[in-house]
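The entries follow the order in which I looked things up.

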Amino acid sequence: MTVTIVGSQLGDEGKGALVDRYGGEADVVVRYQGGDNAGHTVVEDGEEYALSLVPSGAIRGKVGVLGNGCVVNPRTLFSELDDLRERGLEPDVRVARRAHVVFPYHRRLDGIEEEAKAESDQEIGTTGRGIGPTYEDKAARRGIRVADLLDPEVLREKLEYTVERTTAVIENVYELDAGEECDVDALHEEYADYGRRFREEGMTVACGPFLAERRAAGDNVVFEGAQGTCIDIDHGNYPYVTSSNPTAGGATVGTGLGPTVVGDGEVVGVVKAYLSRVGSGPMPTELDSDGAGHTTGDEPGQATGNETDQPTGDDTDAAIAAEIRDRGGEFGTVTGRPRRIGWLDLPILRHAARVNGFTGIAVNHLDVLAGLDKLAVGHAYELDGERVETLPATTETWARCEPILKEFDPWPDVDWDAVAAEGYDALPESARVYLAYLESELDTEVYTVGVGPDREQTIERVDPWNRV
Ligand code: GDP
Ligand code: IMO
Ligand code: MG
C-alpha cells in the first residue's frame, strides 16, 4: 500500500520525522516534487540528520527515489550521499530519468530575480537554490533532464542552446556579467561526470515502471512531500510559493503512478501545532509582525475553547513568538534566518484538508507550546465585515484577513518522554482538548502526536499501514 505525507501549512511541519517514523514498515520512500530547497530532519537516538534531497527513508536503510516531478541538483545529491556514507549509512537512492537537473545558472538566475524584485519589495524570499528557474526551463521545454546527463553529446547540444539563451537574459535583460555559471565547457565537463557517476552506480530509473514493479512485488511505498500546501504553486498563496505541487495530487504526477494508487492509500497531513513561515507573504495569525490588533470573534457556541475579544499583537505576543521560536528551534537550517511565528491557522488547515483529501493528520510540536501563558488558534478570518472559514484565492485578499482567535487552556510542561512511552491518554487533558478540536474542525483523525524531535517522541494512535 501507499502512504502519502504532505505538509499542511507553510513547510517545516516535521515531514521528515514522520516519514522516518512510518519508514519502519516502508520499503520505498519517494520524493515527488521540489529539490534541495527542502530541509527534512530525522532524529534517531539523539543523532540528527538534515536531508535536502535524499529521501528521509535513507536513515532506516530504505530505497529512496527522486521522482520525475523533482528537480535534482547533482552537486547537492552527491555531497549529501557522501556525508551519509561518512556517517556509516548506506543510502540507496534512485533518480528518475525524467527528473530535471538544477544547474549553477539556475541558482544564479534565482538570486538575480530576487534582487531585481527586492527593488520594489516583491521578492519571494526563496531558498536561492534555483528551484523556480529550473521548473521555468522545464515548463518552457528547454530543461535538461537526468537522462540527458547520461549521453555527453545530447548534454552538449542541450547546454549550448539553453546556456546561450540564459547568457543573453543575464547580459541583456539584467545587464550583468554571465560569469562562470554560463561556461558551457566547464558545465559539460562537470555534469557529464555526474552522468557517469549516475550510470556507474546504477542510480537512474524509469520512475513509474520501477515503482509499479515494486508495488506488484508487495512493497509498501511512502510518498514524501516537501514544502507545504500553502506554498503549492496552484493551491498556495501565489506568488509567495514554490514552483511545484507539494499537495497530494503531486504524488501521482511526480512519480508516474496513477491517482487511484495514491487515492487507494492513506494521505496524512503533517500539522505543526502552531505556524512557522520562512520567506515573504501574508500570515494573518503572525505573532510578532507589526503590532496590529486582531479581530474579535462574534459567534458564540463553538465546540471547544473561547473566542477572545482581547486585541493582541503587542509585546506579549512578541514575547510568546520569541519563546516558541527558541523552544522549537525555529531558525532556517540553511540560512539561519529566524522563522516567522504565528498561532495555528484553521482556515489554512481546512483548505489543506480539502485540497489533499487527508485520511488523517499528524500533529507535531505539542511540546513546544507547553507552559505558555496564553494559547490561541486562528479559528476563522474576518474579511470586509464577513466571517471566512477558508483561504481566499488571492494573496491580496488574504493579506486583508484578520484572524478571529479562539483561546485554549495552555497545557503544562511535562516529562514528554514519559508521555510518549505511555501513549495518547497520558497527554495533558488541555492538549487532548486542542487535538479533539482539530479532529472535529477538519473531520479527520489524529494519527500521531509529536512531543519532541526524536523518532521515539511520537505517540502513535492510528497506524496507517495496519488500519482495520
Ligand atoms: P520538514 O521540512 O517538514 O521535514 O520539517 P523540518 O525538519 O524542516 O523542521 C521540523 C523541525 O522540528 C526539525 O528540527 C525536527 O527535528 C523538529 N521536530 C519534528 N517534530 C517535532 C516535535 O513534535 N517536537 C519538537 N520539539 N520538534 C519536532
Ligand atoms: P521543507 O520541505 C519551508 C519557501 C521559501 C520561499 C518559497 C519559494 O523543508 O518543508 P523556493 O526556493 O522553493 O523557490 O522558495 O518557498 N520554501 C520553504 N519553506 N520549508 C520548505 O521546505 C521550503 N521550501 C521552499 O522560503 O518562501
Ligand atoms: Mg524543512
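I began with the domain assignment, whose bounds come from an automatic or database source: domain 1 (2-98 + 203-266), domain 2 (101-198) and domain 3 (273-457). The model is predicted, so I note that local features need pLDDT of at least 70 and side-chain atom pairs count only at pLDDT 80 or more, whereas totals for chains, interfaces and linings use all residues. Residues are numbered from 1 along each chain as its sequence is written, ligands are numbered from 1 in the order in which they are written, and side-chain values use heavy atoms, without hydrogens and water.

Entry: domain 2 against domain 3. I found their C-alpha centres 38 Å apart. Their contact (heavy atoms within 4.5 Å) takes 5 residues from domain 2 and 4 residues from domain 3. The buried area (accessible area lost on being put together, 1.4 Å probe, summed over both parts) is about 300 Å², with 32% from carbon and sulfur atoms. On the side of domain 2, I124, G125 and R129 supply 70% of the area buried against domain 3.

Entry: ligand 2. I counted 20 residues around ligand 2 (a heavy atom within 4 Å); D12, K15, H40, T127 and T242 are the closest. Oxygen atoms of ligand 2 lie 2.6 Å from a side-chain N or O atom of T127 and 2.9 Å from a polar backbone atom of G39. For G125, I read 3.3 Å between a polar backbone atom and an oxygen atom of ligand 2. The protein covers 98% of the 550 Å² of accessible area (Shrake-Rupley method, 1.4 Å probe) that ligand 2 has on its own.

Definitions and conventions. Buried area = accessible area lost by both parts, 1.4 Å probe. Polar contact = N/O pair within 3.5 Å; in protein donor to acceptor, adjacent residues only side chain to side chain.
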